[in-house]
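Subject: Handing over a structure

Hello,

Here is the structure I promised to pass on to you. Have a look at it first, and my notes on what was found follow below.

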Amino acid sequence: MISAVYKGGGCLESQRSVPKDREFLSLQWNLRLPIFGGLVWILVASSKVPLPILQGWVMFVSVFCFVMSTTLLCLYICGVHGGSSSWVTLDVICQETAALFYLSAAVLEAYFTYGAGLSTNPLVTTIYRENIAAVVFAFVATLMYVIHKVFSLLRWKSS
């Protein structure tokens with residue numbers, strides 16, 4: 001939106017009005033989190049990992065964080081929070097938990113991928129390439145949750 005603002009001296013200056021509300025920034029980050037979480041979920045589900053416990057943990061983290069972020073987003077859009085400070089505390093706790101979970105899952109997936117990259121078998125090389133994509137998006141999702149956590153902490157501090 002462009003609005004004209006009177007600045008004195010008889011002239012009008014156009015000014016771009018941008019929402020600077022921290023809740024608006026939080027909503028923007030909440031929209032991105034399920035996208036990257038869903039990408040990790042899909043990539044890990046399609047990759048073949050010889051250790052089922054490793055794939056199980058990474059799948060648990062990606063599904064859990066995807067469902068949690070989507071649920072918080074839907075509740076936020078519906079206005080359930082009502083502007084209370086307890087909502088901000090819940091947001092901080094959820095984003096911090098998700099960031100720690102994703103960091104652990106990304107490190108485990110990267111460790112396995114590094115081990116698979118040492119093989120010369122063509123089948124393992126294909127698996128290696130799929131796992132590289134999963135690792136990259138797992139670290140991107142971790143970064144997104146950490147950035148959102150910082151914005152949530154700033155919002156929590158100001159409330």
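Ala-45 sits in helix 1, which covers residues 22-46. Helices (H or I, at least four residues) and strands (E, at least two) are DSSP runs, numbered from the N terminus. Leaving out residues up to four places away in sequence, Ala-45 touches Gln-55 and Met-59; contact here means heavy atoms within 4.5 Å. Between Ala-45 and Gly-56 there are 9.5 Å from C-alpha to C-alpha, and the two are 11 residues apart in sequence.

Before going further, a word on how to read all this. This is a predicted model, in which local features need pLDDT of at least 70 and side-chain atom pairs count only at pLDDT 80 or more, while totals for chains, interfaces and linings use all residues. Residues are numbered from 1 along each chain as its sequence is written, and side-chain values use heavy atoms, with hydrogens and water left out.

How confident is the prediction? The pLDDT, the predictor's confidence in each residue from 0 to 100, has a mean of 75 for the protein chain, and 77% of the residues reach 70 or more. Where pLDDT is low, the predicted coordinates should not be read in detail.

Now the overall picture. The protein chain has four helices and two strands, and along the sequence they follow the pattern β-β-α-α-α-α. Of its 159 residues, 33% count as buried. Among contacts between residues at least 6 apart in sequence, 71% join residues at least 24 apart.

UniProt, in an unreviewed entry, places the feature "transmembrane region" at residues 24-44, 56-78, 90-112 and 132-154; its positions are given in the numbering used here, feature names are shortened, and annotations may be inferred rather than shown by experiment. In the model, residues 56-78 are 100% helix and 0% strand, with the end C-alpha atoms 33 Å apart. Residues 90-112 are likewise 100% helix and 0% strand, and their end C-alpha atoms lie 33 Å apart.

Two further residues are worth a look in the viewer. Cys-65 belongs to helix 2 (residues 52-78) and counts as buried because its relative accessibility is 0%. Which residues does Cys-65 contact, leaving aside its neighbours within four places in sequence? They are Ala-98, Phe-101, Tyr-102 and Tyr-145. The C-alpha atoms of Cys-65 and Ala-98 are separated by 5.9 Å, although the two residues are 33 apart along the chain.

Ala-141 is in helix 4 (residues 122-158), and at 1% relative accessibility it counts as buried. Not counting residues up to four places away in sequence, Ala-141 touches Phe-36, Val-40 and Tyr-102. Ala-141 and Pro-34 are 107 residues apart in sequence and 9.0 Å apart in space, C-alpha to C-alpha.

Last, the surface. The protein chain exposes about 9,300 Å², of which carbon and sulfur atoms supply 71%; accessible areas come from the Shrake-Rupley method with a 1.4 Å probe, and for residues only the protein chains shown count as cover. Val-107, in helix 3, counts as partly exposed at 44% relative accessibility.

Happy looking!

Best wishes

Terms used:
Buried means under 20% relative accessible area, exposed over 50%, partly exposed in between (1.4 Å probe, protein chains only).
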